[in-house]
Amino acid sequence: MNDHYLKKLDRVTAILTQLQSKPIVRAQDLAAKFDVSVRTIYRDVKTLENAGIPIVGEAGSGYSLMDGYKLPPVMFTKEEVLSFITAEKLMQKFLHQSLGNHYQSAMEKVRSVLKYSDRNLIQNIEKQIDVYNYHPKTEDNIQNIIPIILESIAEKKQITLEYATVDSNVSMRTIEVVGVFFEFNYWYIMAFCTLRNDFRQFRVDRILQIFKTQNPFLQEYGQINDYRQNPNGNKTKVRLLVEKKIIGHLSNSKKYYGLIDEVERENGVELIFETDWINEGFPRWLITFADYAEVLEPESLKVSLKELVTKISNNI
């Protein structure tokens, strides 16, 4: 069998896997995924149909497997098995507690369909891989909280939260969840808040109670990243001129404090932020490298920084 037919066999098998895992698959998406023409995908789909696979749909609209049709379990390559082991180690360290049991159950099902030799491979190598996470795990206040949130997104139904802010102020919020994301060791919700009539971020570990409702979303939403770029209008613009020799030490933290742009200047690097923490968090972070930085704006940050330095000086 020559290389051309081997490639076609691999591609046709991969298309069948896509059909098993998605409700509908477009030829254009498959062509982009496998770097072939749409016409080639049409021929591959025809090959599957000739082999007796009941495919519903047609060119231009998308394809799916006939409802109720069952295929034998998918076989995994050795490289895929090794990727599962690595992914499992990552999930053990970073997966949210409310999803942990579900993921473990899913992995047990994956292991159950592996060949005997692949099971031995997992047993021999899984203790040789580890992921070190130095951040403490957050504890769930509510069992299965992430699945509840994801269900509300899928069903497009509002949920009501009892939520505690960083200052321990507790309020009730009715929200329409756009999505969830993980950042700086915490899980967050991006949602439209009906109380504020604007988009807000909510940290999952600060949710005290959660209630599902039957109220439908009031509007349609796009992808989560469309809203994370500018979640609300309460941010303050900050511009710093920082000496180049210190920039490498800020590579992780500057993103956390709202970095939106970085411009190299003749006398340093200008960092531009949009931050929610202008009164407390930002000046306390800035003071750790303030001897290498100049505040360009706002003036209020200079005042906060001077007051913080004075307080530290008096305490010493």
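Which residues of helix H7 (residues 145-155) are buried? They are Ile145, Ile146, Pro147, Ile148, Ile149 and Ser152. Here, buried means under 20% relative accessible area, exposed means over 50%, and partly exposed is in between (1.4 Å probe, protein chains only).

A quick word on the model: it is predicted, so local features need pLDDT of at least 70 and side-chain atom pairs count only at pLDDT 80 or more, while totals for chains, interfaces and linings use all residues. Residues are numbered from 1 along each chain as its sequence is written, and side-chain values use heavy atoms, with hydrogens and water left out.

**The whole chain**

The chain has 12 helices and 11 strands. These are DSSP runs numbered from the N terminus (helices: H or I, at least four residues; strands: E, at least two). Of the 316 residues in the chain, 34% are buried. Take the contacts (heavy atoms within 4.5 Å) with a separation of 6 or more: 59% of them join residues 24 or more positions apart.

**Two cores**

A nonpolar core is a set of buried Ala, Val, Leu, Ile, Met, Phe, Trp, Tyr and Cys residues joined through side-chain atoms within 4.5 Å.

| Core | Residues in the core | Some members |
|---|---|---|
| Largest | 19 residues | Leu240, Val242, Leu271, Phe273, Phe282, Phe289 and Leu301 |
| Second, separate | 18 residues | Ile142, Ile145, Ile146 and Trp187 |

Leucine 271 touches, among others, Val238, Leu240, Ile247 and Asp261, leaving aside residues up to four places away in sequence.

**H4 meets H6**

Helix H4 (residues 78-94) and helix H6 (residues 116-125) pack at about 40 degrees, with axes 10 Å apart. That makes H4 oblique to H6: angles under 35 degrees count as roughly parallel, over 145 as roughly antiparallel, 65 to 115 as roughly perpendicular, and the rest as oblique. Who touches whom? Lys78, Val81, Leu82 and Ile85 in H4 meet Asp118, Leu121, Ile122 and Ile125 in H6. The residues of this contact divide into six nonpolar, no polar and two charged. For that count, Ala, Val, Leu, Ile, Met, Phe, Trp, Tyr, Cys and Pro are nonpolar, Asp, Glu, Lys and Arg are charged, and the others, Gly among them, are polar.

Serine 117 sits in H6 and is partly exposed, at 46% relative accessible area. Its C-alpha atom is 9.6 Å from that of lysine 78, 39 residues apart along the chain.

Technical notes
Axes fitted to C-alpha atoms, helices over the stretch in contact; angles between N-to-C directions.
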